[in-house]
Amino acid sequence: MARLPRIPTPRKPAEDGDWPARASVPRPRTGAGGDAETAAEPAAGPRTERMERTEQAERAERTARSAPDAPADPDRPAEGAGPDAAPEYDHVLLKSLLGAWALAACSAEETTALESHLTRCGACADEALRLRDAVGLLHHEDSLDLDPTLRSRVLDGCLDRRPARVPIPEWAVPYDAESARLEALLHDMAEAEWRAPVRLRWFDGRASAVRETTVAGVIGHLLAVDGLVAVALGLPDPLAALPLPKAAGPSARTEALWSAGGLPDLEGAFGGVPGAAARPGRAAEARADPEAEAYGGLFTGHAAAPAARAVRARWRDQGHTLLRTISFAGPGVTGLDVAYHDFRLPLKDALLERAFECWVHAGDIAEAVDYPYEPPAGPHLNLMVDLAARQLPGTIAHRRRAGLAAPARRLSAAGAPGRTLHLEVEGAGGGHWYIPLDSPGTAATPEAAVAHVALDGAEFCQLAAGHVPPQEAAAGQEGDREAIRDVLYAAASLSRL
Amino acid sequence: MQQRLARGEAAALSELYDRFAPLVHGLAHRVLDDEDAADSTTRDVFAYVWEHPDAYDPRRGPLRSWIAALTQERAAGRLRRQEREGSPEQIEEKVRTASAAARADYIVTSMPASLRAALELAYFQRRDYRQTAERLGVTEDEARRRLRLGLQLLSSATTRGLPAASAAPPRVPPGVGRPR
């Protein structure tokens, strides 16, 4: 797979050759014949110049592709002042100004000197024209906000024409879509935005909690928790090198990664960053540079951009590996459970939960850098709401045991109808869910509904993400207030770091 | 990647899209200057690569260049078909100009970041080369060198195809993968 061209290290001044000098050593000119614009050149003149130009372009292209540091140009010292050059503006200097001149980026004095030189030097005049035309090709990069629905349209179109022999299972598609959306957001972000502080909010069961981290810290969090799915699939744990408490769940894993300030083996991960592999000195440089704080500061606001990119590459690679593994694993894989700290989720639900978290945290990042970020596609949002709705009865029971929810009103036999809350989620991805209130084991039926809560799909997810305190959820409410309170608090309690 | 596409891995197609969609859509948009037409070209290009994973020959250059060349060819073809006004020469001139603009974009995104940063400062942020040098932490000599070299690279957009395209025009069988 092609990589972006590597970013060359800044050259030391000693290596600075005047790049195209070799190709355009000034030819001796007589006073009249030197004006290439108007006077006929000797036959060899233009031809040589063309050849030189081709050579320049080829060399430029080689430089662009492989970007080796230009060798020090041995010709440069030999290149003296042209016959027409003022003492302070020799031909070499004037020629080196051509790019800056074309961009109107030199001083008035330099501009005057160069323009006067152009009337006398055909080679420079030619190049000046070419470079000025090239400026006309510069173009503000359109903000590449690709229509987020384009991805599924393109992929579906492809798969219609040639069905996949190894498809991504339907239940893994939301994870594919959400991780791609986050990746696209990160792709569009400017370097400085990577240092933006990001606030992570959740509801800890009793009150709202908040933690501040960086964009890299959020990606590290996703890497750490996605790692639980990786482990369940028998893939390597990205945090294997860290001292983790036994059965560490999402929070403990994230804290371990954050307090380590990175991953010891992330040095190796620099190889995963485009261009870094060719620079063996890079990791050492990063360590030696106290400004960079490549590891210690990764999640505290001073993240070196390369280190942040390495975390992102690691997260993305892990996501690709998860999807690949799941695609090849076949239907049997759905029998696997993913172990969180104090509960387990079937693989399907765990991956959906990761898709949900990916969206939520992409939203956190987008908010921090003031980008718009849309909710997931309707069908994916629907699956996420469904997962949350299915977790509500168990969460209510859990909160009840902890004294945080009202006691059961009625004892119903398992499977028998019990008091029910009708959860109506509006908008794309919406639907109707019936939540048993007294015990997860009872059957929930529309007839047994004692309360009705209606809210928008994205709003429900904000509640379930802990971004909206349950008492402030913008929900239409009707019926048993205690039941409504218990359900809204349980929804918020699904959130965690 | 190519082998994975050939094996029919949907996950590889997803990765391909995520890696190249901004490039493909950006180039197509530059040629066609129309969102819907750029979307259609994007669909065309990915469908072609997915249906013909063997069309790309790694010996002829990076996948990125090949996809860029394929995009430009598809976009130029679409522009040619949709142009109703003007003589054939005028239409060709328009296609040529649009293609050069797209090649220039590609060259800018593919050039070493040090050159791109210098152009960015001098052109888009209107700094002179001394300020550019200061911002980049390089000598004034180096700033002048980068601006000149960057523009020299860019100027090749009008004279040559994409690096890989000139060496290896995409082998696109007529009528395959595009509505006619």
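Trainee: What makes S5(A) and strand S6 (residues 431–436) of chain A a pair, and in which sense do they run?

Mentor: Two strands pair if DSSP finds at least two bridges between them. S5(A) and S6(A) have six bridges in the antiparallel sense, so they count as a pair. Strands here are DSSP E runs of at least two residues, and helices are H or I runs of at least four, numbered from the N terminus. One bridge joins Glu424(A) to His432(A) in S6(A).

Before we go on, this is a predicted model: local features need pLDDT of at least 70 and side-chain atom pairs pLDDT 80 or more, while totals for chains, interfaces and linings use all residues. Residues are numbered from 1 along each chain as its sequence is written, with chains lettered from A and ligands numbered from 1 in the order written.

Trainee: What lies between S5(A) and S6(A) in the hairpin?

Mentor: Four residues separate the two strands, and Gly427(A) in the turn has a positive phi of about 85°.

Trainee: Which sense describes the pairing of S5(A) with strand S7 (residues 449–456) of chain A, parallel or antiparallel?

Mentor: That pairing is parallel, over seven bridges. Val425(A) stands opposite Leu455(A) in S7(A).

Trainee: What makes a set of residues a nonpolar core, and which members touch the most others in the largest one?

Mentor: Such a core consists of buried Ala, Val, Leu, Ile, Met, Phe, Trp, Tyr and Cys residues joined through C-beta atoms within 7 Å. The largest has 166 residues, and Met384(A), Val487(A), Ala491(A), Ala122(B) and Leu147(B) touch the most other members. Helix H2 (residues 10–32) of chain B gives the largest share, 14 residues.

Trainee: Which residues are in contact with Met384(A), leaving aside its neighbours within four places in sequence?

Mentor: Contact requires C-beta atoms, placed from the backbone, within 7 Å. The partners of Met384(A) are Leu352(A), Ala355(A), Phe356(A), Pro376(A) and Cys461(A).

Trainee: How many residues does each chain bring to the contact between A and B?

Mentor: Chain B brings 62 residues and chain A brings 65. On the chain B side, H8(B) gives the most, with 13 residues.

How values were computed
A residue is buried if 20 or more other C-beta atoms lie within 10 Å of its own, exposed if 12 or fewer, and partly exposed in between; C-beta atoms are placed from the backbone. Two residues are in contact if their C-beta atoms, placed from the backbone, lie within 7 Å.
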